[in-house]
Every structure is written in structure tokens, then in C-alpha cells.
Amino acid sequence: MPSAAIPGQAEPVDGGLLFAEADWSYDALRRTYDAIEEIAIGELGLDVYPNQIEVITAEQMLDAYASIGMPMMYNHWSFGKHFALNEMLYRKGARGLAYEIVINSSPCISYIMEDNSMAMQALVTAHAAFGHNHFFKNNNLFRQWTDAEAILDYMQFAKSYIARCEERHGARAVERVLDAAHALMDHGVNRYQRKRRVSLKDAETRARARLRYEEETYNDVWQRTVPPDARRDRPETGEQPPRPRDLVPLPEENILYFLEKMAPKLEPWQREILRIVRQLAQYFYPQKQTKVMNEGCATYVHYRIMNRLHEKGMLSDGGMLEFLHSHSSVIFQPDFDDERYSGINPYALGFEMMCDIQRICERPTGEDRDWFPDIAGNGDAMGTLKDAWANYRDESFILQFLSPTVMRRFKLFRLCAGSGEPEYLVDAIHNERGYQKIRKALARRYDVALQDPNIQVTAADLEGDRTLVLRHEAIAGRLLDKGEAAAVLQHVANLWGYPVAMVEVDAAGGQTLRQHDKVVPRG
Amino acid sequence: MQIIDRRRNPQGKSLSNRQRFLRRAKRQITEAVRQASSERRIKDVADGERIVIPSDGLREPQFRHDPETGQQDGVVPGNKTFREGDRIPRPAKGGGRGAGRDGSPDGDGSDAFGFVLSREEFLDIFLEDLELPDLMKQTVGRSEHTTSERAGFAVNGSPTNINLLRTMRNSLSRRIALRRPSNDELEALRLEIAEAERTAPDSRRLDELRIRLGLLERRTREIPYLDPMDIRFNRYEAVPKPITQAVMFCLMDVSGSMSEAMKDLAKRFFMLLYLFIQRRYRHVEIVFIRHTHKAEEVDEDTFFYSRETGGTVVSTALVEMRRVVAERFPVADWNIYAAQASDGDNLTADGPEVAAMLARDILPITQYFAYVEVSGGVGELLKTDSNLWRTYAPFSTSHRNFAARRVADRGDIYPVFRELFTPESQHA
């Protein structure tokens with residue numbers, strides 16, 4: 001076993017300094033971890049999964065990149081493609097590698113690179129092992145949708161299952177299913193908790209409770225005076241037209257789920273593969289919705305911890321400067337006209353908002369009191385932040401907490417343009433009239449439900465020619481990319497085994513905007 | 001908290017993904033590799049390098065919005081001069097959210113996908129499904145080098161070759177089949193007799209036991225523990241050892257009529273041949289023979305870069321080659337390949353001599369002899385056949401291990417090379 005558990009040796013060197021050298025060592029890592037833990041748990045009151053820190057090489061980091069950050073992953077050519085691309089960019093120096101990757105699992109695994117300096121390792125530990133870790137464990141979306149205890153085992157299962165399928169059915173056949181499933185990955189997510197099916201026992205208990213209630217409240221007058229039909233406030237379940245138990249009700253927005261359950265021609269192993277991809281999509285869905293918050297939380301936490309270490313004399317001035325250097329490049333936000341600009345940096349926005357919430361709680365201005373009457377000046381920054389980390393996602397977090405101060409700092413402005421118009425209209429800038437508009441617009445940018453096309457299965461003519469109908473509800477006239485859509489539809493048709501049609505309708509008006517050609521399965 | 005050092009974990013975790021990716025993109029990669037080989041220097045070609053392939057077939061399609069349609073709406077940082085109600089022109093391409101869209105790093109939306117192939121991967125694809133004609137020495141039957149290889153079992157052989165496992169297995173099954181009593185069984189019976197002798201010396205049971213013992217002992221004697229018919233020997237067969245070394249003769253005309261461009265073409269051809277042969281044999285030697293009106297063996301640099309003046313007598317090169325073979329490369333031990341490059345000039349009087357030497361001395365001992373006639377440009381191809389071509393032409397049909405091709409342009413080298421080495425069966 002490559003594990004090198006180091007006996008706890010918590011003696012700081014050099015009069016309180018955690019480490020003096022630039023190179024990291026296991027002792028220093030261990031000491032630093034303990035010191036950070038004391039601040040994170042003891043002072044900030046974070047609540048984390050047990051930590052596991054793994055030291056890896058650059059090549060292993062590239063590996064992890066290729067398999068979307070999971071420590072193990074089934075085999076697929078697309079991961080090879082991403083590896084080849086990342087490797088080339090890295091070798092050419094066009095792109096550096098992340099300092100760490102952290103996995104939402106219990107124990108929470110943080111990968112740290114072997115060529116980080118010790119100060120960087122401290123930063124990474126604070127950032128990943130405590131910041132992200134706390135967020136994973138406490139955010140409502142993660143709690144509701146992911147099972148940190150089980151994910152590693154599940155990936156192990158998925159990997160070996162798909163390998164077995166390849167042996168049995170051939171790599172080509174498996175690849176076809178995976179290709180199709182990956183194309184639909186964004187549409188393999190349950191956005192709402194499914195209604196729990198009532199078990200027979202529960203149904204019986206409920207029926208009994210009702211009966212008892214009726215007996216207890218029996219009133220002879222009612223029985224004789226009210227006509228029998230009007231007494232029946234609700235039809236009993238048994239009287240509904242019977243529906244086959246395993247028929248997925250339509251419309252269904254989880255296309256992978258629908259295909260897994262309903263596609264007439266799939267083999268059981270193909271359904272299982274769809275299920276694996278679907279589970280994976282579901283596992284990553286919360287991360288997609290909480291980029292700003294997750295990074296903001298981790299960045300804020302590492303910033304607090306590193307400053308505290310420096311205050312306590314455990315981090316040297318040199319180490320602090322090194323930390324500040326990389327911290328400030330992480331939260332750098334280029335302006336829109338800068339050639340480095342590539343959208344809003346989630347680290348920058350997240351960190352700024354977290355710091356701003358702290359400021360509002362501790363030193364509010366009059367404006368803050370107007371905008372955030374419930375938290376301004378409450379003096380409990382950590383409590384407020386922890387509440388936000390637990391209960392919001394990017395969209396609602398921005399809608400709730402983006403303050404005029406932050407908008408002014410970023411000098412945010414809103415641009416609008418109709419389809420095909422040659423010019424943008426500057427609709428709002430960071431002034432009194434614009435704050436609300438900007439805040440709303442920015443929150444919408446982070447609303448996954450608006451950014452991902454809303455596509456549903458609306459009909460599957462099971463008795464007739466079995467044509468599957470997908471329906472895209474286009475918001476504000478935003479249609480699908482035609483070529484891409486045709487390619488995905490081909491995949492859907494291959495899984496479904498019968499023709500697939502797609503229609504794009506206006507979400508508000510309901511009129512048909514575009515009808516895609518019917519696609520028949522191939523291969 | 002646990003710190004785990006993963007650095008020692010097996011590397012190349014994504015190797016199988018890479019293989020899948022290469023297989024997936026095979027057609028495009030093959031094309032790109034061929035393209036590259038005609039444009040790049042041979043030396044560079046062999047080193048893995050960046051390959052750009054069209055991304056069709058590698059696309060990972062998703063349902064996504066077409067940025068050209070619908071109402072655009074975005075929030076951007078860094079306002080400097082804009083006021084509410086200002087209008088600014090849209091950037092020419094993309095969704096207008098700054099420069100982020102173009103050159104998107106994951107290859108989405110772009111038509112080309114670039115990555116790096118390793119040297120091995122490159123050569124695999126580059127030389128894929130080419131076969132060396134007469135790969136094995138034809139003289140192999142007479143070769144004195146043989147190795148013994150395991151070839152099953154035999155019922156006779158030398159005692160040192162007894163296969164114990166097989167022998168004992170046979171013995172055991174025979175003993176079970178013939179019900180030879182085991183030692184335990186006999187021992188138990190003897191104990192029982194001893195017991196009976198002590199307790200009831202005259203009983204009938206004791207007699208029965210004794211008779212039974214006698215029977216079993218006889219059986220033991222008559223059915224041997226190990227019978228000659230059980231014995232198996234490892235069988236070895238002498239297999240002629242394939243010759244895993246090859247020598248490649250590069251013959252080139254360096255007289256004044258060969259221009260630098262022609263030499264470059266010739267060099268490319270030799271390089272390809274070298275790469276190719278190297279992949280098939282464990283050990284490859286190269287002999288460079290240059291000739292004008294006299295021939296000599298030289299080192300590589302001299303071969304390609306030094307100039308020599310004189311007439312052109314091709315037979316001298318063949319004589320030199322014959323001499324080197326006789327001196328250093330016994331025909332029985334070496335696979336001999338020869339590649340000759342020339343502009344086709346030869347002393348007219350030398351023609352019959354060349355033909356005779358080729359037929360008598362060279363072709364019988366070479367696995368393959370490839371002649372490449374290089375010319376300065378396409379125009380020259382239209383000329384009448386050269387002296388040497390006329391001399392060599394008959395051999396192409398009469399000898400299977402001789403081939404002649406013309407090359408006029410860098411781009412031709414690889415196709416010609418492929419044509420030479422594609423196995424017959426694959427010619428449509």
C-alpha cells in the first residue's frame with residue numbers, strides 16, 4: 001500500500017512557525033493540517049467530512065482532469081480525447097494545472113500536486129480540505145442529491161460493470177451506448193425530488209387512519225341529509241383508471257431516465273449503463289449550480305485561515321506573500337474589454353460576495369441597512385455565511401446577497417440585444433436605477449434551468465409507430481444549435497430504436513418555432 | 001486525517017482511454033499522419049509531434065442554445081464609460097460576451113482538434129499494414145541456427161526430460177482405476193489383525209482378515225506404484241531460429257547529374273525504409289554505398305552531403321555491395337535489403353553488365369531490392385525512359401523481390417513507399 005501515514009508530530013519549528021522551508025514534507029503537512037484544523041473547526045466552526053489528502057504528480061493530475069476529477073472512471077474515448085488535449089496545452093505551457101482537485105466524498109479526498117511549495121500546500125489544504133469540504137457537507141443541494149459516502153464505491157462498480165460489458169458485448173457496442181448517454185448527460189438529471197411511491201403498508205395505514213377518523217366523527221345527520229355523491233370529496237385511488245406500474249408518466253424531462261425505463265429495444269446491460277451515466281450526471285448537478293458559492297466559500301475560508309495563521313505567527317511573512325500572490329491571481333477579474341476576459345470569474349465574484357456579507361454583518365452602511373435589513377449589523381458574519389452556504393445555490397444566492405457595493409466594485413452593467421440586432425443596448429449600469437435589474441439579470445445567468453435548454457419527452461406513441469417526441473420550450477426565442485441537435489437526436493433515436501421527432505415551441509406563447517427532421521435509428 | 005502518497009501508483013491510468021480515442025479517430029489520424037509525412041522532414045516525422053485532425057467523429061454533441069438566435073441578455077464587469085441607454089456594436093462573432101468564446105479550449109465549436117502523438121503511435125499508424133516482402137530468410141531451412149521449443153509430451157525420451165507432473169498424474173489415475181490399495185489401507189488392516197491377535201487369537205474373523213491382507217498385498221505387488229506406461233517426457237522440437245538481423249544497403253548515384261533536390265528525395269526514401277525495417281528486426285545495420293564511375297562504402301554524412309564528380313557506372317556499386325556482403329554479412333545469418341536511388345543515368349555500355357550482376361549475384365541473396373528513380377520535377381517524367389530504367393524494367397516482372405518506381409516530388413515518396421510494401425493480397 002502506498003499510504004504513508006505519518007505519526008502525529010505537532011511540534012512547531014522555529015518559534016511557532018509551522019514550516020520554514022519552501023519545500024513541503026510530510027511532517028510539515030501534518031503540522032500545518034493540525035493548525036488549520038484548529039482554526040477551521042475551533043474558530044470558524046466549520047463542519048467537515050473526515051479528510052484524506054493525496055499527493056499526486058502532474059501526470060496524475062492530468063489523468064484526474066480527463067476523468068472529470070473522479071479518482072476512478074470507466075473507460076471511454078472522450079476521456080482520452082480530453083487527456084490528449086490537456087496534455088498538449090500543459091506541455092506547451094499554454095495552461096497550468098490546478099493546485100488541487102477535491103472530491104465530494106466521505107472521506108473527502110483532496111489531491112495536491114507534488115510540485116506545490118509548502119505555502120501552497122497550506123493554501124490548498126485550507127481551500128479544499130476545509131472550504132470545499134464544508135460546502136459539500138452542508139449545502140442543501142449536495143445533501144439532497146449526492147451521497148458522499150457511496151460515490152467512490154459506486155464509481156468502482158460502474159468501472160468494473162462497464163469493463164465487464166465490454167468483455168461480453170464488445171467495446172464498440174458499449175461505446176455506442178456511452179456516446180449516446182454522454183450526449184444526453186445534461187438531460188439525465190432529476191431537477192425535482194420524485195414523488196415517493198407509497199408502499200402498500202403505508203397505504204394500508206393511511207386507509208385505516210381515514211376509516212378511524214370517519215368512525216370517530218360519524219354523524220348520523222350528515223349521513224342522512226347530504227346526498228351520497230357530494231359526500232365523496234375525493235375519489236379513492238383504486239377507482240382511477242389503472243396505469244401500468246412501470247410506465248413513466250409524460251412529460252418527462254429526464255430523458256436518460258425515460259429511455260432507461262421505456263426504450264423498447266434496449267438490453268438490460270444497456271439500461272444499466274444509461275443508469276450509471278444518469279447517476280453521474282445527478283452527482284455533478286449540484287456542482288454545476290453552485291460554482292460561485294462553492295469557490296467563494298472555499299476562497300473565503302482559505303483567506304481567513306491563512307490570515308489567521310499569519311496573525312498567530314505560524315506563517316512567515318514570506319509564506320504570507322507567496323499566498324497573497326497566488327490568492328490575488330486566483331481572484332483576478334479582467335474587465336470585459338480585456339483580452340484575458342472569459343466571463344465572470346466565479347472565484348472573484350464568490351470571494352467578493354462572501355467578504356461583502358462579512359462587512360454587512362459587521363460594519364454596515366446605511367445603504368446596506370436598506371438592502372439587507374435582516375442581516376445588516378447582526379455581528380454574526382460566520383453564522384450568516386454558514387446559513388447562506390447551507391441553503392442557497394448560485395442563482396438564489398446572488399438574487400439574495402449581491403449588494404450594490406459589489407456591483408460598484410465590479411462595475412457591472414447589463415447588455416441586451418434582440419436576435420440579429422447589430423448593437424447591444426446598455427440596459428443598466430451600476431447606479432441606483434440599475435442595481436435591481438443587474439442583480440436579477442446576473443442571477444438568471446446562473447440559473448441552470450434557464451441556461452440548459454428545457455427539453456422534455458412529451459409523447460411516445462407506444463401503441464402506434466412508437467415515434468418519440470421531444471419538445472424544447474424556447475425561452476426568449478433562443479433556439480437550439482441545429483447541427484448539434486441533429487447529432488444528439490441521432491443518439492436518442494439509436495437508443496430508442498424507433499424514429500424520434502423534435503419540436504421547438506415558444507415557452508410563453510406556445511407557438512411552434514421550428515420542427516426538426518424526424519431521425520430514424522442507425523447502425 | 002490521512003496523507004497518502006499516490007505518486008507511486010501505476011502511471012498511465014488513462015492509457016486505455018487514449019487507445020480508445022486513437023481507435024476512434026483512426027481515419028482522421030491516419031490521414032493527418034500521411035499529410036504530415038509529405039510536408040515534414042523525415043527526421044521530424046519519426047518524433048511524435050502535434051497532429052491536427054478534423055473534429056468530426058470526435059464531436060460530443062449536446063443540446064445547446066444557438067447563440068445567434070433569441071434575445072441576448074448578459075451582465076458584464078468593467079464598465080468604464082457606458083451610461084444607461086448607450087448602444088455598442090456587437091462583436092462580429094460569438095455571443096458577444098467578450099473574447100471568451102473564440103478559441104474555446106475544449107475543441108467545441110472549432111473544426112480542428114490538435115494533440116500530440118508519441119513516436120510509437122506515430123510509426124504504428126504511419127507504417128500500418130505494410131509488410132516486408134519475404135520477411136523470413138528463404139534459406140532458413142539450411143540455417144544452422146535452431147532452438148528447441150516445447151512441443152507437448154512424448155512416451156519416450158531421455159530421463160532428464162521426464163515430466164514429473166504428467167507422470168505422477170498418470171500413475172495416480174492408473175492406481176485408482178485398478179484399485180491398488182493405499183498404504184493407509186494396508187496399515188489399518190495390519191493394525192486390526194494385531195488387535196485381533198491380542199483379543200481373539202483363534203477367531204474366524206482373524207483368518208478372514210489375514211486372507212484379505214494377503215490378497216491386498218498381492219495386489220500391491222502386481223500393480224506397481226509407477227509403471228513404465230505412466231511415464232511421460234517433455235518433448236522438444238528443433239525450430240529453425242528466425243534471423244532477426246537485417247542489413248540495408250543504400251546505393252546512390254552521387255555524380256554531378258544528381259541535384260540536391262534529388263538527393264533529398266532519395267534520402268527520404270532511405271529513411272522511410274530504415275524506419276520500416278527497424279520495426280521488423282531486432283537489429284538493423286545500414287551500409288551506404290555511393291558511386292560515380294567508381295563506388296565506395298562511406299558513412300552517412302559523406303553519403304548524403306559530400307559531392308563527388310565523375311561519370312556514372314552503376315555496376316561498380318553492385319560490385320562493392322557484393323564485396324561487403326561477402327566480407328561482413330554472411331547470407332545465412334542476415335536478411336539483406338537493398339535500396340538504390342539514382343536519376344537513371346548510366347553509361348550505356350554498362351547496361352548489360354548491371355543486368356547480369358543483378359540477376360546472378362545480387363537478387364538471389366537479397367530479400368528485396370527497391371530501385372527508386374528520382375527526377376527533378378514532374379516534367380521529367382514525360383521524358384523517355386532512362387538508361388537504367390530500361391535495364392531494370394525486365395526484372396520487375398521476372399523477379400518478385402525486385403521493384404522499381406519513379407518519384408518526382410516529396411509528396412510522392414510516401415505513396416510510392418506504401419505501394420512498394422503493401423502486401424499483394426491487399427492490392428485491389
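Two strands count as a pair here if DSSP finds at least two bridges between them. By that rule S4(A) and strand S5 (residues 423-428) of chain A qualify, with three bridges joining them in an antiparallel run. This is a predicted model, scoring ipTM 0.74 and pTM 0.68.

- Four strands make an open sheet in the order S3(B)-S4(A)-S5(A)-S4(B), paired antiparallel.
- S3 and strand S4 (87-89) of chain B sit at the edges with a single partner strand each, so one side of each has no neighbour in the sheet.
- Going from one strand to the next, the twist averages 30°.
- Helix H20 (residues 435-445) of chain A packs on this sheet, touching S4 and S5 of chain A as well as S3 of chain B, and its direction makes about 105° with that of S3(B).
- Across the chain boundary, strand S4 (residues 413-417) of chain A is joined to strand S3 (residues 72-76) of chain B by five bridges, again antiparallel.
- Phe413(A) has Val76(B) as its bridge partner in S3(B), while Arg414(A) is partnered by Ala428(A) in S5(A).

**Where the chains meet**
- The contact involves 86 residues of chain A and 59 residues of chain B.
- On the chain A side, helix H3 (residues 77-92) of chain A supplies the largest share, with 12 residues.
- That side of chain A splits into 46 nonpolar, 19 polar and 21 charged residues.

**A buried strand in chain A**
- Six of the six residues of strand S3 (residues 108-113) of chain A are buried, so this strand is largely enclosed by the rest of the structure.
- Both of its faces are covered, with Cys108(A), Ser110(A) and Ile112(A) buried on one side and Ile109(A), Tyr111(A) and Met113(A) buried on the other.
- Strand S1 (residues 51-56) of chain A runs parallel to S3(A), and six bridges join the two.
- Strand S2 (residues 100-103) of chain A pairs with S3(A) in the antiparallel sense over four bridges, and these two strands form a hairpin with four residues between them.
- Tyr111(A) is the bridge partner of Glu54(A), and Ile101(A) also stands opposite Tyr111(A).

**Nonpolar cores**
- The largest nonpolar core has 159 residues, and Ile36(A), Phe130(A) and Ile273(A) are among those with the most contacts inside it.
- Helix H4 (residues 118-138) of chain A gives the most to this core, 12 residues.
- Leaving out residues up to four places away in sequence, Ile273(A) touches Ile162(A), Cys165(A), Val174(A), Val177(A), Leu178(A) and Ala181(A).
- Another core, of 54 residues, lies apart from that one and includes Val247(B), Met252(B), Val325(B) and Leu420(B).

**Chain B and its confidence**
- Chain B has 14 helices and 13 strands, and 27% of its 428 residues count as buried.
- Looking at chain B contacts between residues at least 6 apart in sequence, 79% join residues at least 24 apart.
- The pLDDT of chain B averages 76, and 80% of the residues score at least 70.
- Confidence in chain B is highest in helix H5 (residues 164-177) of chain B, at a mean of 92, and lowest in helix H12 (residues 378-381) of chain B, at 50.
- The pLDDT is below 50 over residues 94-110 of chain B, a stretch with 31 contacts in the model beyond near neighbours in sequence.
- Residues 135-143 of chain B also stay under 50, with 11 contacts beyond four places in sequence.

Terms used
Residues numbered from 1 in each chain as written. Chains lettered and ligands numbered in written order. Predicted model: local features only at pLDDT ≥ 70, side-chain atom pairs only at ≥ 80, totals over all residues. Contact = placed C-beta atoms within 7 Å. Nonpolar A, V, L, I, M, F, W, Y, C, P; charged D, E, K, R; others polar. Axes fitted to C-alpha atoms, helices over the stretch in contact; angles between N-to-C directions. Core = buried A, V, L, I, M, F, W, Y, C linked by C-beta atoms within 7 Å. Buried ≥ 20, exposed ≤ 12 C-beta atoms within 10 Å, placed from the backbone. pLDDT = per-residue confidence, 0-100.
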